[in-house]
Structures are given as C-alpha cells and as structure tokens.
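Subject: Structure handover

Hello,

Here is the structure you are taking over. Please open it beside this email and follow the notes below.

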Amino acid sequence: MKRRALLAGTAAALITSVPSSLLPRAVQAQPAHRHRNATLPPQCPHDCSLVAALQAHVDLITRVNTCRRPFRHAGPRIEAEKIGEKLIIHNYGHGGSGWSLCWGSSRQALGLAQAASSGNVDSMAVAGCGPLGLSAALLAQRAGISVRIYAKALPPTIASLGATGLWSPDSRFCASDYGDDWTRAWNDMANFSFQEHSQAIAQPGMSVEWFNGYRLSHNSLRDDDRSFEALPYAMDEPRYAKFASNFLPPSVELPPGSHPFPLPHARCFTGMMFNLPLYAQALMDEFLARGGRIEIREFRSLGELAALPENVVINATGYGARALVGDESVIPVRGQTVRLSVQPAVRYALRSGRFLVMPRRDGILVQNVAETGGFNNADDTPDRTGAEDIVRELQAVTEGMRCA
Ligand SMILES: Cc1cc2nc3c(=O)[nH]c(=O)nc-3n(C[C@H](O)[C@H](O)[C@H](O)COP(=O)(O)OP(=O)(O)OC[C@H]3O[C@@H](n4cnc5c(N)ncnc54)[C@H](O)[C@@H]3O)c2cc1C
C-alpha cells in the first residue's frame, strides 16, 4: 500500500512534547475568534410562552455519575516515545476539557506520529475509546490509515459519558503557571476542535447542539461574562490557566421583570453542548463504517502497548494512563453529574448559585459546579446526598418560575 501522509503540510522531524515551538507547522496556532459559526442560534427567548417550566425534584433523579478528570499541572501529555521499534504517542491528561479539545489534541498527536515516522504510517493502534481515542482514530482513518482500537471499556459504558457535555476548552487544562507556554498550541487545538464540533452540529442526530441559557443572580452580572466559560472552581483547587476563549457571543442582559425566573438579574448566553451518548455513538458508527476494528483489552504496562502488532500506538487512556505508564503527574479531579428524567420541552440551560443545568437530550443534567474535595480525589463512588442537595437548590428556583 502506498505510504500515506497523516496530515498535509506537517514538517517537523523532532519528537517532542507539544508546548514548544517545535510543533509541526500544520498544527501551530491559528488566531482564535475565527470560527464563529453563521448557524449560531438567536439569543434566548424570554417570553414566558417559550420557556417551558423545568421539573426539578429528587424523585426525578434517574442517575448519578461520578468520574475523574485527568488533570496535569503542566497540561496534557502529547508526546512521542520510542520503545524499541515501536512508536508510542501519548495523548492524555486533558482535565475538564477532553471532550472539547479532543479533535485538536488528536491532530497534534497524529502530527507527532507523522514527524517521527516520516509520514510512513499505514496502520495504527489506539489504546482507549474515550473522546481522545475516538478522535485520534477517526482523524487517522480520514487520512487513509487502518486503525484498531483497544480499550477496556467502550461507549456507552465509559465513565466519561457522565461528563457535563459543555464546550469548555480551558476547564482545568493546565495550572496558571503553564498557561503562557500553552497559548499557541491551545489556540490551535481549540480552533480545530471548534470547527469539527460545528460540523457535527450540521449533521442530523443532535449529537452536538447550540443552546441558549440563563444565568441568574440576586446581583447584577458582569456584561463580559460569556456563557459558562466563567464557571467557578472550588476553593481547594489550584489556579488554572485561562485562555482567550472568545468562540461564543457575549451574553445579553435581560430587562428586569421580562423573564420568568424568580431572581431579579438574568443574562442570556449561547453555548455549545455535546449530547455525549449520541456523540460517542456517532463517532463509533463512523469508525466502524470506515472499516475500523475494536478489541476489548486492558493493558497493565507500557510494555504491553509496545507489544501490539501495530508499529504506532496512540495512548489515549485518560486517567487510566496514571497507572498504565506510571505517570503520577496525572491527578484525579473527581466530579459528579446528576441526571433528571428526560424533559424534551426544556431546551435551555440554567446557571445560578452552585448549580449548572444542561438541557441534555438524554436527560436534564444538574451539576454542583462549586463542589469541593474533588481535587486529587480518585473516589468514584456516587454521592447521593450531594446529588439530592443540588437538585433541591435547583428546585427552589424552578418552583418560583412564573410560566409553568
Ligand atoms: C464531572 C465531569 C464533567 C466534565 N465535563 C466536561 C465538559 O463539559 N466538557 C469537556 O470537554 N470535558 C469535560 N470533562 C472532562 C472529560 O470527561 C475528560 O477530559 C475526557 O473524558 C478525557 O478523555 P480521554 O479520552 O482522555 O479519557 P476517557 O474518556 O476516560 O477514556 C479513556 C479510555 O481508555 C480506556 N482505558 C483506560 N485505561 C486503560 C487500560 N489500562 N487498558 C485499556 N484501556 C484503558 C477506557 O476504557 C476508555 O475507553 C468532565 C469530566 C468530569 C469528571
């Protein structure tokens, strides 16, 4: 079979971690603000008749999901490592932004694979079937490479399907000390990822959607707030890097008394939402339709990855990489999401106090975004009491809505 280039225009020959000037040219930064999409939805309606009442009650809880964000102070590890004849490309450690940034990160990982093998890759193994594994597998296939995914769990049973599903490209991406080093590579990742997600919006199936949301407060809210990009972090977490993430339009203040919510101040914003089970299934479907093969397998060491028949292996095992490659710089940041029954009429998000609500197609998602005790906490046991508390906090607001 003819040799294939992974990505047109990649040029660097060095194997390197990504936050440096040594990235292949095609994966270097593009300016942000480029990809505002013409299909962005109109700003939130605040006419009562268009805002269906949200039902929030502990009896409506259908699921409590707990998972671990794979955070590294220095940011994700996107790095090539040679083990004998085998080339391992690490692509893990994306904190709270792995769904958002998966496409751009995987493009950088594939750029490294190409640089290290002079573009001569015909087949590839991908370890892991979360967003980083699936996006790497698909980008490789789209470049004509034959791919086999190996993973101990597949969608819909991977824990990260319990994530919020929000475009949150700088959520726990790296510690603030490392932000400057990452600016260029992060911009590249975010721009490419935003483009890819936007294309998914154009497809049928609702795997990715725009949504409108209302941010509510007793006090007036700053007009530079953009959607949920300014989510609070718990006090016991490190300072995280912030990037100039202006992908979404600014929020708009609603005139007092014009909206149905019981708090005086409301701003309306637009966001991008991933309906994760649908999105993961769509990616799996594309992978299989392109002839991809999947093997259920758990790896216990880097040596086992290197022993695979494929000469190039992408390591996209997320938090699993901590044990797999002994990388203790991967820190678990525990998080929990609560699912209420599906409410098709509710098509808006809400953010107030400690809660965030996402109008997910697979059930209304409620999260305590100010939860403490998650940093360096690997416990993935669901906390039912915490789940009920946050739903009651939401209920206090929804019961005061005037447009039932
Ligand atoms: C509460 C919460 C909310 C979040 N919200 C968002 C959000 O709104 N937006 C966003 O962008 N991100 C969000 N995230 C972060 C996001 O979920 C992660 O960054 C993302 O899942 C990382 O993807 P991954 O592919 O690296 O790992 P994972 O999704 O964890 O997938 C890892 C894969 O590797 C496999 N694997 C692991 N170890 C091994 C092994 N030893 N052998 C074989 N296979 C193995 C697993 O079975 C799985 O298939 C959230 C996370 C949490 C906890």
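A crossing is called left-handed if the near helix is turned anticlockwise from the far one by less than a right angle, and right-handed if clockwise. Helices (H or I, at least four residues) and strands (E, at least two) are DSSP runs, numbered from the N terminus. By that rule, helix 2 passes helix 4 in a left-handed crossing.

This is a predicted model: local features need pLDDT of at least 70, side-chain atom pairs count only at pLDDT 80 or more, and totals for chains, interfaces and linings use all residues. Residues are numbered from 1 along each chain as its sequence is written, and side-chain values use heavy atoms, with hydrogens and water left out.

Helix 2 with helix 4

The two pack at an angle of about 35°, and their axes are 10 Å apart. Axes are lines fitted to C-alpha atoms, for helices over the stretch in contact, and angles run from 0 to 180 degrees between N-to-C directions. On the helix 2 side the contact (heavy atoms within 4.5 Å) is made by Leu134, Ala137, Leu138, Gln141 and Arg142. Helix 4 brings Ala280, Leu283, Met284, Glu286 and Phe287. By class, this contact has seven nonpolar, one polar and two charged residues. Ala, Val, Leu, Ile, Met, Phe, Trp, Tyr, Cys and Pro count as nonpolar, Asp, Glu, Lys and Arg as charged, and the others, Gly among them, as polar.

Helix 1 with helix 2

Helix 1 (residues 98-116) packs on helix 2 (residues 131-142) at about 45°, with axes 8 Å apart. That angle makes helix 1 oblique to helix 2; under 35 degrees counts as roughly parallel, over 145 as roughly antiparallel, 65 to 115 as roughly perpendicular and the rest as oblique. The crossing of helix 1 and helix 2 is right-handed. Among the residues in contact are Trp99 and Trp103 of helix 1 and Leu138 and Arg142 of helix 2. The contact of helix 1 with helix 2 divides into ten nonpolar, four polar and two charged residues.

Most residues other than glycine have a negative phi, and most peptide bonds are trans. Which peptide bond is cis, with omega near 15°? The bond from proline 155 to proline 156 is. Proline 156 lies in the loop between strand 5 (146-151) and helix 3. Arginine 172 lies in the loop between strand 5 and helix 3, and its phi is near 50°, a positive value.

Regards
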